[in-house]
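Here is a short report on one protein model and its ligand. Look at the pocket, then at the ligand, then at the charged pairs.

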Amino acid sequence: MMYDLLNFKTHGNYAGNLVALEKGEEFPFDIKRVYYIWGTDRDAVRGRHAHRKLEQVVICTSGSCDFILDDGKERATVHLDNPAQGLYIKGCIWREFTNFSADCVVIVLASEHYDESDYIRDYQTFLNARADL
Ligand code: T46
């Protein structure tokens, strides 16, 4: 599995929508860190790395952007524009994200604290890590 798209239960009524995320059936791990990204130029390319251990769920709570995921053999592009969906990335997957709308806000829920040693920032090192799996 390169990625999974989680469809969150939405509590909607005349006043709008609400999604609650709790560990359990709808959420795959204990959340240790939350960060968010906004104000990114449309053509900027963020990411360009993989993680050794980290699991993350990425939610585009406003606007849209494209995630490009790469498992070393195949690439997939996932367009995120729905706050009721989460892109679950687990395992050693190279990711880039781009094509940001002006109102794009991306919230990321992570399974671990920030740890630079978990990053693989060189593509050939990533391919070698994939080959060792
Ligand atoms: C990922 C994608 C989706 C911190 O100090 N703490 C943090 O928790 C994070 C995520 C970043 N930083 C610092 C490290 C850099 O100096 O913030 C700066 C920007 O981080 P980075 O260039 O890694 O950001 P992105 O947008 O390229 O990637 C981030 C996450 O790092 C990464 O895990 O999967 O979002």
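The report below takes these topics in turn.

## The model

This is a predicted model: local features need pLDDT of at least 70, side-chain atom pairs count only at pLDDT 80 or more, and totals for chains, interfaces and linings use all residues. Residues are numbered from 1 along each chain as its sequence is written, and side-chain values use heavy atoms, with hydrogens and water left out.

## The largest pocket

Rolling a probe the size of a water molecule over the atoms shows where empty space is left. A pocket is an open set of points on a 1 Å grid over the protein atoms alone, where a 1.4 Å probe fits, with protein on both sides within 12 Å along at least five of seven lines. The largest pocket holds about 200 Å³ of space. Its volume is the space filled by probe spheres set on the points, which are joined across faces, edges and corners.

The lining has 15 residues; lining residues have an atom within 4 Å of a point. Tyr-35, Ile-37, Gly-47, His-49 and Phe-97 lie nearest the centre of the pocket. Strands are DSSP runs (E, at least two residues), numbered from the N terminus. S4 (33-38), S5 (46-51), S6 (55-62) and S10 (94-98) each supply at least two lining residues. S5 gives the largest share, four residues.

## Around the ligand

The ligand is surrounded by 14 residues, each with a heavy atom within 4 Å of it. The closest are Arg-33, Arg-46, His-51, Gln-56 and Tyr-119.

Polar contacts are pairs of N or O atoms within 3.5 Å. A polar side-chain atom of Arg-33 is 2.5 Å from a ligand oxygen. For a side-chain N or O atom of Gln-56, the distance to a ligand oxygen is 2.7 Å. S4, S5 and S10 each give two or more residues to the shell around the ligand. S5 gives the most, four residues.

## Salt bridges

How many salt bridges does a search of the whole structure find? It finds four. Each is a side-chain nitrogen of Lys or Arg within 4 Å of a carboxyl oxygen of Asp or Glu.

Glu-112 and Lys-32 meet in a salt bridge (3.4 Å, N to O). Glu-112 lies in the loop between S11 (105-110) and S12 (119-120), and Lys-32 in the loop between S3 (16-19) and S4, so the pair ties together parts 80 residues apart in sequence.

Definitions and conventions:
A polar contact is a pair of N or O atoms within 3.5 Å; within protein, one must be able to donate a hydrogen and the other to accept it, and residues adjacent in sequence count only if both atoms are side-chain atoms.
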